[in-house]
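My notes follow in the order in which I checked things.

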Amino acid sequence: MVMLYGLLWRLLLLLVHVNRALVSWLRVRLQSWKSRLWERAMASLLLPLALAGFPEQQKKLNRTPGADDNPSHANGGPSPRLRYISDGMSLQKLPVHIGFLVTEEEPSYTDIANLVVWCMAVGISYISVYDNHDIFQKNHSRLLKEIERQQRHLMGGDGHPYNVEFLSNGSDKCHNGKKKSKVTFVFFVLFFPGAKTIPDPELVVKFGPVDSTLGFLPWHIRLTEFIFVPSHRDVSYKDLLGALKLYSSCQQRVGQ
Amino acid sequence: MPKHVAFIMDGNRRFAHINNMERQDGHTQGFNKLAETLRWCKHLNIPEVTVYAFSIENFKRTQEEVDGLMDLARQKFERLLEERENLEKHGVCIRVLGDLNLLPLDLQQAIAKAVLATKNHNKCFLNVCFAYTSRYEMTNAVRELAWGVEQGLIRSSDVSETLITECLYSNKSPNPDLLIRTSGEVRLSDFLLWQTSHSCLVFQSVLWPEYSFWNLCEAILQYQLNHKSIQKARELHREHQASLQLEADRLCTAEELQHHGNGKPTDAHTRQEALLHYITCREERVQNFLTALKHKRDLFFHDLCIEATTA
């Protein structure tokens with residue numbers, strides 16, 4: 001009888017593994033299939049309009065399907081920066097400090113840089129990035145360069161670039177002065193805060209399949225909300241906004 | 001199979017509200033569910049369970065609710081003492097983790113009796129976090145280390161991540177493999193933050209009093225799916241800690257050699273011997289300190305029991 005239960009359990013585990021593999025394979029396929037299908041649909045719609053010569057209509061349809069996917073691609077709409085700011089203000093609450101926990105083996109600098117830029121644009125002041133192998137920490141200059149590049153790409157020539165300051169080990173001092181215009185980019189390694197002015201992360205977005213914090217800031221995450229996104233690769237603004245919306249609806253009783 | 005599962009038993013009050021019950025009844029149902037879950041864990045051969053029964057933050061609740069919870073705890077601990085033979089038969093060891101000084105004296109005494117009565121049982125372990133927060137636990141561990149340095153039992157250079165772990169309330173237990181939180185909230189709420197850094201976290205939306213065997217199986221399945229990657233991360237972390245310790249030992253040894261040396265450069269053989277000697281001495285110091293700490297904690301429970309019998 002025990003053997004039978006053991007066998008049944010193993011079968012269940014195998015089914016779940018297969019299901020997981022199928023879902024991630026399909027997800028990749030569907031994404032590329034969806035975008036190809038949409039491109040073809042758009043192309044077929046555009047052709048008669050192009051022939052008819054309605055430039056405004058063309059511009060409208062040229063816009064990528066999900067306006068939320070990346071506001072910076074919106075043509076003729078409000079400035080992307082304003083759009084991000086308005087998205088941030090429309091949320092009931094915005095985290096002051098957000099953490100990105102990457103549990104995937106191979107991190108993507110561009111995608112993380114995008115996330116950082118979007119967070120800054122929406123009004124988040126402190127961003128922590130963590131991965132189990134300290135890859136981002138060891139290559140922080142590469143990440144900073146990528147952030148600068150993506151800022152130019154996503155914001156265009158609109159307004160002043162955001163000021164990013166890099167802290168490591170919590171031992172660097174955090175400047176109090178120009179809090180509004182300055183964004184601090186933080187890597188935490190120590191368990192106890194060096195600078196009192198850095199608040200605990202209210203939200204941590206975990207990317208990847210591993211359901212664990214893998215050692216991320218144990219002291220600081222006492223009241224942190226965790227939101228799970230399957231992968232940081234090709235993560236969109238919509239994914240980030242979705243996580244922020246979910247966070248804004250969380251209610252904490254803090255023991256009461 | 002996980003060897004140690006931790007539960008944040010959340011959702012008693014919401015359950016009571018949905019079912020038009022008094023809050024106190026919700027908590028009672030929650031306790032019944034705990035008893036049931038412990039039986040399931042025993043059947044699944046999970047030898048250790050830790051539960052978050054009462055947080056220091058929960059003292060902020062209404063006096064009525066807090067008193068109700070204290071009464072419930074009193075009842076249950078007294079009941080446990082009545083079941084002493086049964087506990088011995090099944091080898092159940094009960095530990096209570098938290099700042100017990102915050103509790104009413106009679107409850108502290110009941111807890112002390114239960115803990116001492118089951119101290120030597122070793123088949124299964126139930127850790128109840130009562131008047132507990134993880135930050136308090138970590139701060140307390142650091143305070144104990146400071147005490148150790150003050151007493152000359154250890155040096156400040158002996159303090160390491162491993163030693164902090166040995167000073168936590170949970171020092172007799174391995175870290176949890178799996179942490180389950182019910183009721184849909186996705187935060188840790190100051191529970192075992194240090195110990196669950198490499199645990200599988202499972203958040204389930206079911207309310208605690210409605211928890212079922214299948215919910216438990218679902219959580220265990222998730223643990224098994226994550227097992228390999230988490231093991232890998234744990235190994236990596238352990239290796240990193242070991243290399244940090246070795247580096248620290250080398251540094252201390254070099255300092256000592258410089259201090260006691262006669263200015264001449266030492267050869268590799270002497271350095272290696274000195275290093276091994278230093279490590280042996282450090283480990284002995286740490287063991288003595290931990291024994292003293294254990295004695296201090298046991299004395300706390302013994303004193304409570306004596307007070308109870310003389311009262």
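Buried means under 20% relative accessible area, exposed over 50% and partly exposed in between, with a 1.4 Å probe and protein chains only.

This is a predicted model, in which local features need pLDDT of at least 70 and side-chain atom pairs count only at pLDDT 80 or more, while totals for chains, interfaces and linings use all residues. Residues are numbered from 1 along each chain as its sequence is written, chains are lettered from A in the order written, and side-chain values use heavy atoms, without hydrogens or water.

**Cores.** I looked up the largest nonpolar core, which has 49 residues; B:Phe7, B:Ile111, B:Phe130, B:Leu178, B:Tyr211 and B:Leu216 touch the most other members. Helix α5(B) gives the most to this core, 7 residues. I also noted a second, separate core of 37 residues, with A:Trp118, A:Leu144, A:Tyr237 and A:Leu241 among them.

**Helix α5(B).** Helices are DSSP runs (H or I, at least four residues), strands likewise (E, at least two), numbered from the N terminus. This helix covers residues 105-117 of chain B and reaches 18 Å from first C-alpha to last, close to the 18 Å expected at 1.5 Å a residue. Its buried residues include B:Leu107, B:Ile111 and B:Val115. I found α3, β3, β4 and α9 of chain B among what covers the buried residues. Leaving aside neighbours within four places in sequence, B:Ile111 is in contact (heavy atoms within 4.5 Å) with B:Phe77, B:Val96, B:Leu100, B:Leu103 and B:Phe301.

**Strand β5(B).** Both faces are covered, with B:Leu178 and B:Ile180 buried on one side and B:Leu179 and B:Arg181 on the other. Strands pair if DSSP finds at least two bridges between them. I counted 4 bridges to β1(B), running parallel, and 4 to β6(B), also parallel. B:Arg181 stands opposite B:Ile8 and has B:Phe203 as its bridge partner in β6(B).

**Chain contact.** The contact takes 34 residues from chain A and 38 residues from chain B. Buried area is the accessible area (1.4 Å probe) that two parts lose on being put together, summed over both; here it is about 3,300 Å², 60% of it from carbon and sulfur atoms. A:Trp9, A:Trp219 and A:Arg222 lose the most area in chain A, together 21% of what that side buries.

**Confidence.** Chain A averages a pLDDT (the predictor's confidence in each residue, from 0 to 100) of 74, and 62% of the residues score at least 70.

Terms used
Expected span 1.5 Å × (residues − 1). Core = buried A, V, L, I, M, F, W, Y, C linked by side-chain atoms within 4.5 Å.
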